[in-house]
Every structure is written in C-alpha cells, then in structure tokens.
Amino acid sequence: MADYFQKMDEDYVKKHFPEGSVFKSVEKTFKKRSWVGIFFFGLFFAAAVYGTIWSVGTAIAEGGGYGIMLGIFCGLIALGCFFVLRLVIKTSRQGVDGYRANSAKASGLPISEIEAFDRQALEGDCFLLKLNNVMKEGLLTEDYLYPGDTAQTVMRVDSLKACCFTDYTYYMSVGGKHKKIHNLAICLIASNGVSVRVDTTEKAGKALMEILKERNGGIDTNDGKVLPEGREFDDYYKRILEKPAL
C-alpha cells in the first residue's frame, strides 16, 4: 500500500505547492508549457504566412499555376496556427481562478467544493496517489479525490459510485505495421455522471479500490474484473448510475 499512497509532508508542499494552492501549481505548469507551444506554433505561423505571401506573389507573376493552390494550402495552415496560438495565449492568461473554474466545470461541482479540496490538499492527512509512471500524481484528501487527469477533475469520495478496472486500446506503428496496444486503467464514476479514466497497474488499482471502499462502502468495483471498452463498458456505466445509493 505504501508504494502507491504517500502521506503529504512539508517538504513536498514546499517543493510542489510553495504558494499554498494546487491550482497555483497547475497555473505555473501550464504557463511553462504554453511558452513552448507559443514558440513552436509561432514559428509555424510565421512560416505559413511567408509561404502564403510567396505563393501569391508567384501566382501573380506567372499568371496562376501551382502558386494558387500552394497559397491556399499555406493560408489554411496559417489560419489554423493563428487559432491555436490564440487559444494557448488565452489559456495561459486565465489565472488561478480560471483553472479552478475549469476544474469545477469538469467535475460538475460548485467552486466552493473546488476551493475546499484545494485547502484539504495541503493538510497532513492528504495522500499522494502513484497509480502509474506516466501521469501526474493524484491526491486523496479527507473528502475529495483528485485523479491527476489533464482536466483537473475533483470528485467527492462520498459521491463515487464506481472504481473499476477498464481496458482501452490504441494502435502503434511497429516495424511498418500497426499493432494494437492494450492499456489497463482505473475508471472512476461519480453520482453526477462525471467519469475519469487513469492509467494504472493492477496492484496500484486494487490498492485504490481498497482505500476508497473503506471510506465509501457503496462503491462498486466490478469484483476487480476488467471491463473492455465499448458497449460492455457503456452498459456498466448506465447500470451504475441507475443503481440506488446505499
């Protein structure tokens, strides 16, 4: 259990949440990534604009030809880069309140609940969740679960309806051939319909099920069985939401 759950301590708080807020840390992380995105998309945008101007000039000089098609192509790329840049810049400027608002929307919870989670996250009885080696560590406070997904979803532990294994697939090119890859994940379903899927290992997933069941005996774990993606999972999701609370 200790391999997957670690108590929050002062050293971790000072390093990762020096300004006393999970969402302040999120803001800093996104700003760093935003500058990288702005740099690269800015280069693509500048190159596409140059390509558009050059192509139009060539088309005018030659009275048409391939320059027209190339100009249209470069113009579309420039337009796409412009909208992406605008979105990235807007996201980087929204501030802590903006990230809390986004989290509230993704979580289906009022801002007051997100603020309560933010306070509890820095307390000594908060656990750090290490479900996988890919995603950011999650957090389990006295009342809330923060899986660490990109949407910054927050779930009330007492509102969780299910915590179960699920399998999802994607294709990877290996040696010129497309290979189907299976991944194991934990799916969390709240009573308000919000669901989050987080990559996990079997041992870490079972440890999470155990600690959540201790706090909320009504959580369904599908007996530890793995649900395949698709219709079987969709049917389970509907059945769980229709299941009356204990």
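Cys-126 is buried, at 0% relative accessibility, where buried means under 20% relative accessible area, exposed over 50% and partly exposed in between, using a 1.4 Å probe and protein chains only. Its sulfur is 17 Å from the closest cysteine sulfur, that of Cys-163, which is too far for a bond. Cys-187 is in no disulfide either, and the nearest cysteine sulfur to it, in Cys-164, is 5.1 Å away. Cys-187 also counts as buried, with 3% relative accessibility. A disulfide is a covalent bond between the sulfur atoms of two cysteines. Here the term is applied to a pair of cysteine sulfur atoms within 2.5 Å, and a search of the whole structure finds 0 of them.

A word on the model itself. It is predicted, so local features need pLDDT of at least 70 and side-chain atom pairs count only at pLDDT 80 or more, while totals for chains, interfaces and linings use all residues. Residues are numbered from 1 along each chain as its sequence is written, and side-chain values use heavy atoms, leaving out hydrogens and water.

Now step back to the whole chain. The protein has 7 helices and 9 strands; these are DSSP runs numbered from the N terminus, with helices (H or I) of at least four residues and strands (E) of at least two. Along its principal axes, the C-alpha trace spans about 75 × 45 × 35 Å. The radius of gyration is 23 Å, whereas a compact globule of 246 residues would have one near 18 Å. That radius is taken over C-alpha atoms, and the globule rule is 2.2 Å times the number of residues to the power 0.38. Buried residues make up 43% of the 246 residues. Of the contacts (heavy atoms within 4.5 Å) between residues at least 6 apart in sequence, 61% join residues at least 24 apart.

A pair of aromatic rings is described by the distance of the centres and the angle of the planes. For pairing, the rings of Phe, Tyr and Trp (its six-membered ring) must have centres within 6.5 Å; planes under 30 degrees apart count as stacked, over 60 as edge-to-face and the rest as tilted. The structure holds 7 such pairs. Phe-117 is buried, with a relative accessible area of 0%, and Tyr-144 is buried at 3%.

Phe-117 has another partner in Tyr-146, and here the rings are stacked, 5.1 Å centre to centre with 20 degrees between the planes. Again helix α5 is linked to strand β4, as Phe-117 and Tyr-146 are 29 residues apart. Tyr-146 is buried too, with a relative accessible area of 2%. Ring pairs link Phe-23, Phe-117, Tyr-144 and Tyr-146 into a cluster.

Not counting residues up to four places away in sequence, Ser-103 touches Phe-23, Ile-114, Ala-151, Gln-152 and Val-154. Ser-103 is buried, with a relative accessible area of 0%. Tyr-99 lies in this helix, which covers residues 95–107, and is buried at 2% relative accessibility. Tyr-99 and Gln-152 are 53 residues apart in sequence, yet their C-alpha atoms are 8.3 Å apart in space.

Gln-152 itself sits in the loop between β4 and β5 (155–156). Its phi is near 55 degrees, a positive value in a residue other than glycine. Gln-152 counts as buried, at 7% relative accessibility.

Asn-222 also has a positive phi of about 55 degrees although it is not a glycine. Its place is in the loop between α6 and β9, and at 19% relative accessibility Asn-222 counts as buried. Asp-220 lies in the loop between α6 (202–215) and β9 (226–228). The side chains of Asp-220 and Tyr-236 are joined by a polar contact of 2.7 Å, meaning a pair of N or O atoms within 3.5 Å; within protein, one must be able to donate a hydrogen and the other to accept it, and residues adjacent in sequence count only if both atoms are side-chain atoms. Leaving aside neighbours within four places in sequence, the contacts of Asp-220 include Lys-161, Ala-162 and Cys-163.
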